[in-house]
Amino acid sequence: LFFFLTRMFVQVCLYFYCKCLWRCLKFVVRKLTGRCELQRICYNTKPGAARTMKIEASLKGSKSKRLQTSVSVHPDAIEKTIDDIMELKRINPDINPQLGVSLQACLLQIVGYRNLIAEVEKLRREPYDSENPQHEEMLLKLWKCLKPDSPLKARISKQWCEIGFQGDDPKTDFRGMGLLGLYNLVYFAEWDTEIAQRVLSDSLHPKYSAWQCLHFLFFPLSQLSKAEWEKKKFDKAIGYSFAIVGINITDLAYNLLVSGALKTHFYNVAPEAPTLTHFQQTFCYLMHEFHKFWIEEDPLDIMEFNRVREKFHKRILKQLQNPEMALCPHFAASESLINM
């Protein structure tokens, strides 16, 4: 007990010592450079996640309550908040006009990220309602985008299994992610139709997937025996339920967002506030990458899904630790994102 109390006392003393030392160091640096921490960050760090995350940490860690709360103001109050920060820090806006612009861009991203979490959470909590015409319209649009040449014979139909739902009524599969799962699937199918249809086809017929056809292009049948080619046709990963996996990847994207891991990506790709469209484009990227990852992993059966998903999750998290990282999809949905 004595050892534990001594250790706790040393840790508390060390914490307050470091805190006081850090504040003293900041005071000395400001006196020497004539610039506060916010100025040094804006002038010495290029725009993007590195700058915005440093600004966010500086504001949250400030001893001033006004600075602490500046990261959670309404978007309409950001300009006034910038004026308050400049006044509090005794910075002349006429002498430092670029500082205000840089701080505004950072605050738009910070506040926008928080608002995006709220918007995504609202969709996640809204259950699918088969009595709601808009919900039903979106569900039917998903079918039309993925299976344009196969009309749906009835609203309640086993055909839904063809695009990866578990039963004859998809509404039961949206319980975990609510409308968010449907929004993401429809966005993927509508804006990246060719890719979505290919991923669906591969998930249904992985042994004859496009990836193996690509292999065949480089190794024509003339160079392989019939037995070798037959073996190569059947040595790839088994399929999966497209829609169910889409809802599962929605859950993965949601957790990346709420945990703050996606800040790196959004602060690098969204010049101002990240939007729901940015989140949906990220989902498209994750679906595309997970599909390739699934085939690369070559699981023995569908029971390995959680293992593969967790390994994929760790890979994405590692990528997002790089402050310059941007998860840029290389297909149609990314075009508007890159140009924003």
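Which side chain meets E296 in a salt bridge? Keep that in mind as you load the model, and we will come to it at the last stop.

**Before you start**

This is a predicted model, in which local features need pLDDT of at least 70 and side-chain atom pairs count only at pLDDT 80 or more, while totals for chains, interfaces and linings use all residues. Residues are numbered from 1 along each chain as its sequence is written, and side-chain values use heavy atoms, with hydrogens and water left out.

**Stop 1: the whole chain**

Show the cartoon. The protein chain has 16 helices and zero strands; helices (H or I, at least four residues) and strands (E, at least two) are DSSP runs, numbered from the N terminus. Of the 340 residues, 44% are buried, where buried means under 20% relative accessible area, exposed over 50%, and partly exposed in between (1.4 Å probe, protein chains only). Taking contacts (heavy atoms within 4.5 Å) with a separation of 6 or more, 67% are between residues 24 or more positions apart.

Now colour by pLDDT, the predictor's confidence in each residue, from 0 to 100. The chain averages 85, and 81% of the residues score at least 70. Select 208-226: pLDDT stays under 50 there, and the model has 27 contacts beyond four places in sequence for this stretch. Residues 330-340 also stay under 50, with 23 such contacts.

**Stop 2: helix α3 and its cover**

Select residues 49-60, helix α3. Its twelve residues should span 16 Å at 1.5 Å a residue, and the end C-alpha atoms are 16 Å apart, which agrees; the expected span is 1.5 Å times one less than the number of residues. Show side chains for its buried residues: A49, R51, T52, I55, E56, S58 and L59. Their cover includes α2 (37-44), α4 (65-68), α5 (78-88), α6 (97-125) and α13 (263-269).

Next, pick E56 and K263. Their side chains meet in a salt bridge at 3.0 Å, N to O, a term for a side-chain nitrogen of Lys or Arg within 4 Å of a carboxyl oxygen of Asp or Glu. Because E56 lies in helix α3 and K263 in helix α13, the pair ties together parts that are 207 residues apart in sequence. E56 is buried, with a relative accessible area of 7%, and K263 is buried too, at 16%.

Stay in helix α13 and select H265. At 0% relative accessibility, H265 counts as buried. Beyond its neighbours within four places in sequence, H265 is in contact with T282, L320, M325, A326 and L327.

**Stop 3**

Move to H135 in helix α7 (residues 133-146). H135 counts as buried at 4% relative accessibility. Outside the four places on either side in sequence, its contacts are E126, P127, Y128, D129, L179 and L182.

Then show E190 and K141, whose side chains meet in a salt bridge (3.7 Å, N to O). E190 sits in helix α8 (residues 178-191) and K141 in helix α7, so this pair ties together parts 49 residues apart in sequence.

**Stop 4**

Select helix α12 (residues 242-259). Its 18 residues reach 26 Å from first C-alpha to last, close to the 26 Å expected at 1.5 Å a residue. Its buried residues include F242, I247, Y254 and L257. Just after α12, G260 takes a positive phi of about 90°.

Most residues other than glycine have a negative phi. R90, in the loop between α5 and α6, has a positive phi of about 55° although it is not a glycine. At 78% relative accessibility, R90 counts as exposed. D298, in the loop between α14 (276-297) and α15 (305-320), has a positive phi near 50°.

**Stop 5: back to E296**

The partner is R315: the two side chains meet in a salt bridge at 4.0 Å, N to O. This pair links distant parts of the chain, with E296 in helix α14 and R315 in helix α15, 19 residues apart. Finish by selecting E297, E304, R307 and K311, which salt bridges with shared partners join into one network.
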